[in-house]
Amino acid sequence: MKIGIVMSVYNGAKTLRRAMDGIVPQGADEVVIIDDCSTDETPEILASYPQITVHRHPAKSEDHNKAMAPIIEAMDVDYVIGAAADDLLYPGMVSAVRRALAAAHGSPGVVSCEFDHVTEDGRLIRTNRFSPLQVEFTREAYRDYVANFTGRPASGCTAAFRKDLLVWLQNEGYASLGPWADCWGCLLASLVAGAIYVPGPLGAFTARADSYSGRIQRDPEARAKYLAAAEAFLTRPSIMRVAKGVKFPI
């Protein structure tokens with residue numbers, strides 16, 4: 001079972017080295033970093049890690065998510081773990097995913113580990129927990145689980161997506177779901193092929209006041225724009241076929 005790690009980064013020099021120092025020792029089969037034409041020290045930092053493959057866009061992409069799809073599709077892996085320049089994978093995260101997949105009865109859509117919310121200086125805010133035990137959900141069981149879902153699904157932070165489903169999501173334009181795209185990606189991949197939850201936490205998500213999520217919550221106009229984009233995505237026929245009968249909180 002081959003597992004790759006992908007990071008998309010734009011001007012992430014402030015936290016990039018910390019993120020890379022968490023990624024490189026994981027023992028992933030492939031590490032690909034996509035630099036969206038950064039103008040800070042990001043290229044120099046990435047050049048100091050010879051173990052990775054770097055794709056640099058020649059110009060800032062208009063639709064970075066779709067630009068990522070062919071790069072990920074070309075990877076010689078079965079599952080892809082997404083990372084961000086201001087997040088951190090804890091030691092043993094990839095090994096935990098491998099063990100979960102080895103014990104699985106099929107090829108689940110996503111493996112989600114628990115994760116921490118931390119401040120920019122690393123202080124723990126809270127830990128997102130799913131279950132005290134490793135739990136495998138078939139597609140049918142997961143559909144029952146989320147049929148009347150009212151909370152937030154698992155985050156893509158510390159989640160391994162089956163590669164074909166991640167590429168499908170990217171080509172469908174799920175990035176229009178903004179800062180919560182990874183959450184809905186987990187849910188949709190789980191509806192297609194089931195899911196595994198693994199106890200952790202095995203990574204950290206950095207909560208920033210100046211983040212896209214933070215701006216949406218503070219700015220009514222930005223929030224209205226986001227909600228319109230999210231509704232357009234979630235009502236696409238191709239998405240509705242997968243998620244029929246599921247209530248999506250936005």
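The axes of helix α6 (residues 163-172) and helix α7 (residues 181-193) come within 10 Å of each other and cross at roughly 125 degrees. Axes here are lines fitted to C-alpha atoms over the stretch in contact, with angles running from 0 to 180 degrees between N-to-C directions. Helices are DSSP runs of H or I with at least four residues, and strands are runs of E with at least two, numbered from the N terminus. The two helices are therefore oblique to each other. Angles under 35 degrees count as roughly parallel, over 145 as roughly antiparallel, 65 to 115 as roughly perpendicular and the rest as oblique.

The model is predicted: local features need pLDDT of at least 70, side-chain atom pairs count only at pLDDT 80 or more, and totals for chains, interfaces and linings use all residues. Residues are numbered from 1 along each chain as its sequence is written, and side-chain values use heavy atoms, without hydrogens and water.

L165, W168 and L169 of α6 meet G185, L188, A189, V192 and A193 of α7. Contact means heavy atoms within 4.5 Å. Of these residues, 7 are nonpolar, 1 is polar and none is charged. Gly counts as polar; Ala, Val, Leu and Trp are among the nonpolar types, and Asp, Glu, Lys and Arg are the charged ones.

The buried residues are K163, L165, L166, V167, L169, Q170 and E172. G173 follows α6, with a positive phi near 85 degrees.

Across the protein chain, 10 helices and 12 strands are found. Buried residues make up 50% of its 250 residues.

Methods
Buried means under 20% relative accessible area, exposed over 50%, partly exposed in between (1.4 Å probe, protein chains only).
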